Amino acid sequence: DGVVGTAGSRRAPRAPQVARVGPARYARLQESRLSGRQGGLRAIAARAGDLGATRPAGAFQVRHLAAGDFGVLNDRLPVWNAQEYAQRLQAQDRGQLVEAIAWFGDVPGGRGMVLFPEHEELSTSAVREGCAEVRDVFVTRPRRRLGVASALMAVLEEAVRDRGLPRIGLSVSLDDDAAPARALYERLGYAHAHGPFVSSTDLIGDDGPIAVGAVMNYLVKNV
């Protein structure tokens, strides 16, 4: 349930904006997201001593989410509420999803998950296309352009093949800041299935709902 990658060194693009949030929360939420409305909403700045803080070459490993990961993930790679990782692990244990985490030593540098058809939050787009669905592919700023997103996607695609499912899909924003994400998915063999369409939702944050939305295309790939 893991792969090992070797990090390179290039600078990442600027992050997109998230609409309809207050100024303080907006400042926390404007980090870039690779996979649309379920993308990561808060990036973690490099801390002194972190691998990748000064972008040295190095290795990382991608592993499935485990119960012992919650503390460091909520500290270094938080999502929109403190219970989200625990809920994802419960769904993973039920066979409804796989959550992959990229680790640089004991420091998490990226994440992504794939939902299977049994998951209650599978989108109408995934149902329409008959596919498993990638969500929340996110790499922290110091770890970008190191091959982390490609490694995460490889683990998620492998999980789909292991389930015997023929297709995998995802939604991706059409704004300029998502251009690197679109280029990544094209390079990995994802093709346009339908769209554009407007997608919006309220994520349940620790401090209340967080409204997110974007114009998307839906992409699919045979695995």
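Reader: Before we start, how are residues numbered, and which pLDDT do local features need?

Author: Residues are numbered from 1 along each chain as its sequence is written, and side-chain values use heavy atoms, with hydrogens and water left out. As this is a predicted model, local features need pLDDT of at least 70 and side-chain atom pairs count only at pLDDT 80 or more, while totals for chains, interfaces and linings use all residues.

Reader: OK, is strand S3 mostly covered or uncovered?

Author: Strand S3, residues 97–104, is mostly covered, with eight of its eight residues buried; buried means under 20% relative accessible area, exposed means over 50%, and partly exposed lies in between, using a 1.4 Å probe and protein chains only. Strands here are DSSP runs of E with at least two residues, numbered from the N terminus.

Reader: And which residues sit on each side of S3?

Author: Leu97, Glu99, Ile101 and Trp103 are on one side, with Val98, Ala100, Ala102 and Phe104 on the other, and all of these are buried. In a regular strand, side chains alternate between the two faces of the sheet.

Reader: Which strand is S3 joined to, and how many bridges are there?

Author: Eight bridges join S3 to strand S4, residues 107–115, and the two run antiparallel; strands pair if DSSP finds at least two bridges between them. Ala102 stands opposite Gly110 in S4, and the hairpin that S3 and S4 form has two residues between the strands, with Gly105 in the turn having a positive phi of about 65°.

Reader: Switching to rings, how many aromatic pairs are there?

Author: A search of the whole structure finds two, where rings of Phe, Tyr and Trp (its six-membered ring) pair if their centres lie within 6.5 Å, and planes under 30 degrees apart count as stacked, over 60 as edge-to-face and the rest as tilted. The rings of Phe60 and Phe104 have centres 5.3 Å apart and planes at 35°, so this pair is tilted.

Reader: Why does that pair tie together parts that are apart in sequence?

Author: Because Phe60 lies in strand S2, residues 58–64, and Phe104 in S3, the pair ties together parts that are 44 residues apart in sequence. Tyr185 and Tyr190 form an edge-to-face pair, 5.9 Å centre to centre with 65° between the planes.

Reader: What sits over the ring of Phe104?

Author: The charged end of Arg143 does, 4.6 Å from the ring centre; the rule asks for NZ of Lys or CZ of Arg within 6 Å of the ring centre and within 35 degrees of the ring normal.

Conventions:
Helices (H or I, at least four residues) and strands (E, at least two) are DSSP runs, numbered from the N terminus.
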